Amino acid sequence: MDFDFSDDQQQLRDAVRKWVAKGYDFERRRAIVDAGGFSREAYGELAELGLCGLYIPDDQGGLGMGPVEAMVVMEELGRGIVLEPLAQTLIAGAVLDGYAPQALKTAWLSPIASGEKLVVLAQQERKARYRLDMCEAKATQAATGWTLDASKSMVPAGDQADAFIVPASVNGKIALFLVERSAAGVATRGYGTQDGGRAAELTLSNAPASLVTPEGLTALEHAVDIGIAAACAEAVGVMDKTLDVTVEYLNTRKQFGVVISSFQALRHRVADMKMQLELARSMSYYASLKLNAPADERRRALARAKYQLGCSMRFVGQQAVQLHGGIGVTDEYIVSHYFKKLTQLEMTFGDSLHHLGEVSSRMQDTAGVFA
Amino acid sequence: MDLAFTPEEQTFREEVRAWVRENLPSEISHKVHNALRLSRDDLQRWAKILGRRGWLGHAWPKEFGGPGWSAVQKHLFEEECALAGAPRVIPFGPVMVAPVIMAFGNAEQQKRFLPGIASGDVWWSQGYSEPGSGSDLASVKTRAERQGDKYIVNGQKTWTTLGQYGEWIFCLVRTSTEGKPQTGISFLLIDMKSPGVTVRPIKLLDGECEVNEVWFDNVEVPAENLIGEENKGWTYAKHLLSHERTNIADVNRAKRELERLKRIARAEGVYDDTRFRDEIAKLEVDVVALEMLVLRVLSAEKSGKNPLDIAGLLKIRGSEIQQRYSELMMLAAGPYALPLIFEAMEAGWQGDHVGAAHCAPLASTYFNMRKTTIYGGSNEVQRNIVAQTVLG
């Protein structure tokens, strides 16, 4: 039982933090939002740091690292509310490495690690909400290979990605496929999202696809849990910064002739925000440390974590805006952007009520970190 | 980073578990698991069993006869005791006054007082709060005037937990009114059998007398009972407070009580009611998050880092959770929580409980638990402290 970071993990954190501070300031981010919410150039810089190959083995050009390193990286990207969807790259790397046949691994892992190819998960369908077992997409096998017919929604950076990991049903059972955006029968329609990022509607009409795994639901649940752990870590980074700027503001802003941090009503709110942040950080650790547990245990743990993080995100985000007063609701000042990022993260891979339901249906007689 | 305990720590846990299973009397654990009334004899019987094994002062260093355990070992010991249904160790002797005697008492005082604390033979009480000194503890007024080789003590302490059983009491007394309030306080050990000491139980909202007023009327206390130096008592008291760190969160007991809540909810037919079950699910996440917070503090202590900026959160969160599980248990019982039958809270009572027997103590426990956000520095005071660490 040990929650210290190793020297290597600390160095990784420092490297990402440095890039965020120097290479991804608020002005650059604003320019990326205005240009549509995704920058291939910025994504390339993440790849240069090696981050796109974090989960990919060394012999495929990756770093061969694990969930704790992923957590460290996502926390730091959260501190910079970075728009480029590295969490998606982490998912793609882990899913292909863990489930795909050798030929697909050979073809895709190395270009993903180098940043040359961006691969994202396209699991959302319009009627499914957060359910993973609801899938209207259909896969058909012909002599020449698989083809897919599907409408997927809210695909992260969908009109910028090079390929998609797509769940589709084969005789009523979900399998995972890889589909290239440049293939015939693939259409995307991109739009901005509430956090300043980018997503797309994806339509596949008789589009050629490669089978990743016939055990699609197992792999999809694993993929989503990797995404949940990443979202939790990212949220911790966002909340860290949100509390920092709020504290700075309270210690600067004067009303009634004194700094407003002298008012006990506001001080207690800050104490409550600190509480939510530290509960969230604790559960983010828990999420990442349970990511390699057996599926049942992993799913229960990740649902618990996302519920806590969702509640914390909403509280910290709302209170940060409230404590800033009028400036908190402007677009010009950064805190509203943190707030919107937290809101989007709460609703990514299942919101709080959804995960409360998951925790509730998975309850056992005993409970605890080790049960 | 690793969630698992080391193999050595696991082995330690197994050893403690086996010992507790062997030595904790079942009639006591039955009462704990069902929130039935524990007598003075129950509490002292368990204290003496621990004392004989050398584990009553389980946080004591080896030089004073303690086991010299690490922070993690202490946590594992407390967890095994809590889950097995052991009563809480009454902390005033082994957890509170003993570390002060070790750190600031002289050799004579250590020899005189520590053995009785370690064995569980002597019942200690705490004399801190006064009618006019709650959160503002430094304002204590109980006077101790030096007359030759003794102090004459006059004044009143209050909220003295289980003081009706107390044989000795450690007190913060005012020995000077010069300077800041903190600088005129001394730490005095007082024999409660001394002439002039009067203990009057205070009936609380649950009908029980868990706390007392303690009056001092010209009580003569030998000067050799002064710990350390005169007027330095505040420093010693702060040292004492630093000894209730992770166990103040009481997360191990919360895990046990969460299990009990599920049992009660199932028996009362509300466990499968989505609205009720979701409230339990929320509490389950709260308990896991608190446990992670505790483990983070333990890990920081283990690697010698300063865990202070999150340790302050433990009391707030732990006490809120204690209140919440007692509240949900009462709500699970519904109308059957309402009969107030004192005998129904005794083990083995054969009368009509009205509802199921497990419902009888639930409202009383709920009422009793309101204390947790008030004592040990109210949660509002705790928020001031947390805000201070964040805002400066």
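**Notes on a predicted two-chain model**

1. Let me start with the domain contact in chain B: 4 residues of domain 2 of chain B touch 7 residues of domain 3 of chain B, where contact means C-beta atoms, placed from the backbone, within 7 Å. On the domain 2 side of chain B, the residues facing domain 3 of chain B are 1 nonpolar, 2 polar and 1 charged. For these classes, Ala, Val, Leu, Ile, Met, Phe, Trp, Tyr, Cys and Pro are nonpolar, Asp, Glu, Lys and Arg are charged, and the others, Gly among them, are polar.

2. A word on reading the model: it is predicted, local features need pLDDT of at least 70, side-chain atom pairs count only at pLDDT 80 or more, and totals for chains, interfaces and linings use all residues. Residues are numbered from 1 along each chain as its sequence is written, while chains are lettered from A and ligands numbered from 1 in the order in which they are written.

3. Back to the domains of chain B: they are domain 1 (7–91), domain 2 (124–231) and domain 3 (244–391), with bounds from an automatic or database domain assignment. Between the C-alpha centres of domain 2 and domain 3 of chain B there are 31 Å.

4. Now for the contact between the chains, to which chain B gives 37 residues and chain A gives 35 residues. On the chain B side, the elements giving two or more residues are α8 (251–267), α9 (274–302), α10 (308–333) and α12 (379–391). The most come from α9(B), with 16 residues. By class, this side of chain B has 22 nonpolar, 3 polar and 12 charged residues.

5. Chain A has 11 helices and 9 strands, counted as DSSP runs from the N terminus (helices H or I, at least four residues; strands E, at least two). Its radius of gyration, taken over C-alpha atoms, is 21 Å, close to the 21 Å of the globule rule for 371 residues, so chain A is as compact as a globular protein of that length; the rule is 2.2 Å times the number of residues to the power 0.38. In chain A, 53% of the 371 residues are buried.

6. One residue to look at is Gly85(B), in the loop between α4 (71–84) and α5 (92–104) of chain B. Gly85(B) is partly exposed, because 18 other C-beta atoms lie within 10 Å; 20 or more would be buried, 12 or fewer exposed, with C-beta atoms placed from the backbone. Beyond its neighbours within four places in sequence, Gly85(B) contacts Ser29(B), Val32(B) and His33(B).

Key:
Two residues are in contact if their C-beta atoms, placed from the backbone, lie within 7 Å.
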